[in-house]
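Student: Hi! Could we go through a structure together, taking it slowly?
Tutor: Happy to, let's bring it up.
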2 protein chains.
Amino acid sequence: MKFKYIIVGAGLAGLIIAERISNKLNEKVLIIERRDHIGGNCYDCYNDDGILIHKYGPHIFHTNYKEVWDYLSKFTEWNYYQHRVLTYIDGNYIPMPITTETINKLYNLNLSNDQINKFLKDQSVNIGEIKNSEDVILSKAGKEIYEKFFKNYTKKQWDLYPNELDSSVISRIPVRYNRDSRYFTDKYQGIPKHGYTEMCFNMLNPNIHILLNTDYKDVIDDFNYEMLIYTGQVDYYFNYKYGHLKYRSLKFDFETIDSESYQNAAVVNYPNDYDFTRITEFKKLTGQKSDKTTIVREYPTWKGEPYYPVPTDECKKQYGRYKMECNKYKNVMFLGRLAEYKYYNMDVVVKKALDLFENKVNR
Amino acid sequence: MKFKYIIVGAGLAGLIIAERISNKLNEKVLIIERRDHIGGNCYDCYNDDGILIHKYGPHIFHTNYKEVWDYLSKFTEWNYYQHRVLTYIDGNYIPMPITTETINKLYNLNLSNDQINKFLKDQSVNIGEIKNSEDVILSKAGKEIYEKFFKNYTKKQWDLYPNELDSSVISRIPVRYNRDSRYFTDKYQGIPKHGYTEMCFNMLNPNIHILLNTDYKDVIDDFNYEMLIYTGQVDYYFNYKYGHLKYRSLKFDFETIDSESYQNAAVVNYPNDYDFTRITEFKKLTGQKSDKTTIVREYPTWKGEPYYPVPTDECKKQYGRYKMECNKYKNVMFLGRLAEYKYYNMDVVVKKALDLFENKVNR
């Protein structure tokens, strides 16, 4: 069977490439997807209690790329949600990331920005060369903040302590010397107004054929194609010839509660208590009204679906061998979090897909 | 590409055949579906207001076949809903079908079953041979009931008057000499507890591959198969060689109302007022709670998706010519409402699919 373009994976990356090829080049494409639905990990759906949930954990869109925001806005309206996170520390709910408000709440103070700046400087540890994620926090906010907010959360999330992780990992969650207590500071933030799944459906058109519930390896030999865009696990593509890449996974424990509200933020982090990392309450993200509410507790695990590439030197080195193989293929493009073994946020995936189309596909 | 079994259409008929083949014969199957979703016309989904709607009009499951009920019960729990319909006549809401209660409400009487029986006999017209749908009602309930309840509704629904339609058409909606005011009297009645779409997803397994958004004719020549089970329009299969079969279609006009309830029954028929035939309020079917409610008005039309085969002698004769062609194929099975050009209820489709599997596929 002949398709000029075949795409493996119907997540954001695959769908965007399909949309571009079908609309811009007016070509037919085939997407092959292992799951029985499109949308990848940003798939959302209504649960049995009629609450819109994010099946693979909370997804909050945020970007500074105007082109990415404008592109997605062709397929969805937005709920202009701005993400805020609380962290449960010593029995109290403290705003994350570390800002003026965090320190004031934690120590029951009422300091100004400048005073907080000085306070944190006094706490901070003089580290010579920043070598890992522990060094980042110790040098910015000192030992107590590190212990309470970061040490155990990181251990739960990655099964590694911050001193075993590259400094870039923890820099996602910064320390700020101001009152901006939002989790993200990007210019554009929101949740698709009617859900990610509906946004994904809006990208489809009759030139995009989708083969669901199908491992691409079971069928790919029967297809005749000029270009393959692969968004699955890179190690699987190469039959694990350099070994299995490590991916951190999550076990989701959903619960619907017979109450209008469960917690005071969409996400509450639990660095020190319990084995889950955080609790998300979906209605606080989506704005849905109901007299029930659904939450999810996330338990990081090494088993299950691959979610997070592991940010250690060892893993990066192993991926490097696969990357060399990828470069040998002229008619296969590797795109996305699983295929590039990088912890991309959604906006970066969109950007990468748009760029790949412009630079490599539409030549 | 090789699949021993290919199924065209991912509606109830196609999914059930796929489920049987994959589970009972342990064979892989491919379903090719023109739409971008499975479930055919019983597909339901949450709309932008978070209300579960039936996208292609109200579907109420009812059957006397225990095997059909038991089979579907493997894939869903049930909301034990029993369907009741009101008809809007002269500004009042009167129960349908015609029962003791209907007559008492219509004429503001308080007669017993026996008295109603006599009342209707007095009204009834002495018809010799029952030749059409008008004769059915006139002989059972007389001219006034015929005019108020049936004449204009039938004209809206079929664009034909009852005297142009076979007697079997109107016999779906009987006259009863008792107080059973339920719309259906089947032993098993209900709505899948979490929706038809979820029931359909529960039928899937990793041996069922689904190619969505694809007209089977665009790809079928590239497949190698031993048996094709075709559930699409029969005239399309044969490239309309005997002309286009007539199908009655529907235009759906959905509206969400900022009120907890809209009407006193899930379905209210409008035989004489407006151009729509009926209004369905979905929450009354599904039992969902919300402070909003979504309704749909149905306008029968000759344009659009094919829903109802037209029950006239002329249409049946035309279909007969296609049926002769169907019989010539040994490795193609024609199954379902569109392929057999018959107004099957859902339970009959399930029964036909199960029987086809046992008698023709699993030989």
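Tutor: One term to begin with: a salt bridge is a side-chain nitrogen of Lys or Arg within 4 Å of a carboxyl oxygen of Asp or Glu. Keep in mind that this is a predicted model, where local features need pLDDT of at least 70, side-chain atom pairs count only at pLDDT 80 or more, and totals for chains, interfaces and linings use all residues. Residues are numbered from 1 along each chain as written, chains are lettered from A and ligands numbered from 1 in the order written, and side-chain values use heavy atoms, leaving out hydrogens and water.

Student: Okay, how many salt bridges are there across the interface of chain B and chain A?
Tutor: The rule finds two. K28(B) forms a salt bridge with D218(A), and their closest N and O atoms are 3.5 Å apart.

Student: And which elements of chain B give two or more residues to the side that touches chain A?
Tutor: Those are α7 (196-202) and β10 (208-212) of chain B; helices (H or I, at least four residues) and strands (E, at least two) are DSSP runs, numbered from the N terminus. The largest share, five residues, comes from β10(B).

Student: What does β10(B) pair with?
Tutor: With strand β10 (residues 208-212) of chain A: three bridges join the two, and they run antiparallel. Two strands pair if DSSP finds at least two bridges between them. For instance, I210(A) has L212(B) as its bridge partner.

Student: How many residues are in contact overall?
Tutor: On chain B, 26 residues are in contact with 26 residues of chain A, where contact means heavy atoms within 4.5 Å. The area buried between the chains is about 2200 Å², with carbon and sulfur atoms giving 55%. Buried area is the accessible area (1.4 Å probe) that two parts lose on being put together, summed over both.

Student: Which three residues of chain B supply more of that area than any other three?
Tutor: M1(B), Y46(B) and N213(B), which supply 27% of what chain B buries against chain A.

Student: Last one: in what order do the strands of the open sheet in chain A come?
Tutor: The order is β5-β9-β6, three strands with antiparallel pairing. The edge strands are β5 (61-63) and β6 (78-79), each pairing on one side only.
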